[in-house]
Amino acid sequence: MSKRLTSGSKKTGGKSPYLVGLTNLAGNPGTRLELDLEFSLNPEWTNGVVELVGETEDFHVELTSLSEGVLARVTGEIPTTAQCSRCLDEVGDTILLDETQLFFFPEKLEAARQDAGDDAEDVLAVSDENEIDLEPLLRDNLVLSMSSLPLCEPDCQGLCPGCGERWDTLPPDHAHEVIDPRWAALGDLVKTLRDGDEKQ
Ligand SMILES: [Zn+2]
Ligand SMILES: [Zn+2]
């Protein structure tokens, strides 16, 4: 069963807008909670090429209580926009987010960080207020899912460097006359001589 809640759309007292309360999950291993949440999308979540569309998005959050923490699975379909890296046309896409992350209970955190060694900073915890913050999970996975070379079609032919038209709209024999630089220099010489004649 799933409850409809609105969260993340308003920021209160400098707290993360991506906090989710765990109610009775702590200390009850095996307990599950499913939530449909609306989170605001931060426009700074971009790889510099792809951007998120819209201000908020619906996410489905499944929480499962374990002995060492709470397992959170977050799914959502998030529309994006970008420019084709070859022809500059707009490219709309959708990120299918499906990520699972374990948040350790505060009393299990120290041991978990020791086990993680060099990755200790990536170990996330349930807060003292019995909440988890989904911001790092959402931000990191959305940004990492963005393409660095978006294409409008896998075989986009791009643009003709001579005229900037799309290759797929140009006839197959389309070409630009290329002037040999040596002839171009001769043309300049002829022009200089002619200009000189006119001044006399
Ligand atoms: Zn293209
Ligand atoms: Zn051309």
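In which loop is P43 found? I place P43 in the loop between β3 (32-40) and β4 (51-52). My helices (H or I, at least four residues) and strands (E, at least two) are DSSP runs, numbered from the N terminus.

Before going on, I note that this is a predicted model, where local features need pLDDT of at least 70, side-chain atom pairs count only at pLDDT 80 or more, and totals for chains, interfaces and linings use all residues. Residues are numbered from 1 along each chain as its sequence is written, while chains are lettered from A and ligands numbered from 1 in the order in which they are written.

**P43 again.** Is P43 buried or exposed? P43 is exposed, because 9 other C-beta atoms lie within 10 Å. My cut-offs: buried needs 20 or more other C-beta atoms within 10 Å of a residue's own, exposed means 12 or fewer, and partly exposed is in between, with C-beta atoms placed from the backbone. I also looked up P43 and E55: they are 12 residues apart in sequence, and their C-alpha atoms are 8.1 Å apart in space.

**Strand pairing.** I count two strands as paired if DSSP finds at least two bridges between them. β4 and β6 (69-83) are antiparallel partners over two bridges, and E51 has T81 in β6 as its bridge partner. Next I took β5 (56-65): six bridges join β5 to β6, again running antiparallel. A hairpin of three residues links β5 to β6. How many bridges pair β6 with β7? I find 15 bridges there, in the antiparallel sense, with D93 in β7 as the bridge partner of T80.

**The β6-β7 hairpin.** This hairpin has six residues between the strands, and L88 takes a positive phi near 70 degrees in it. L88 counts as partly exposed because 13 other C-beta atoms lie within 10 Å.

**N130.** Here I noted another positive phi in a residue other than glycine, near 65 degrees for N130. N130 sits in the loop between β8 and β9 (131-133). N130 has 15 C-beta neighbours inside 10 Å and therefore counts as partly exposed.

**The core.** Which residues touch the most other members of the largest nonpolar core? Of its 26 residues, they are V70, A72, I132 and L134. The elements giving two or more residues to this core are β3, β5, β6, β7 (90-104), β8 (124-125) and α2 (135-144). β6 gives the most, with four residues. By nonpolar core I mean a set of buried Ala, Val, Leu, Ile, Met, Phe, Trp, Tyr and Cys residues joined through C-beta atoms within 7 Å.

**A72.** L63 has A72 in β6 as its bridge partner. Leaving aside neighbours within four places in sequence, A72 is in contact with V61, L63, T100, Q101, F103, I132 and L134. Contact here means C-beta atoms, placed from the backbone, within 7 Å.

**F105.** My last stop was F105, in the loop between β7 and α1 (106-116). F105 counts as buried because 20 C-beta neighbours lie inside 10 Å. Not counting residues up to four places away in sequence, F105 touches A26, E68, G69 and V126. F105 and L66 are 39 residues apart along the chain, with 9.5 Å between their C-alpha atoms.

Notes. Contact = placed C-beta atoms within 7 Å.
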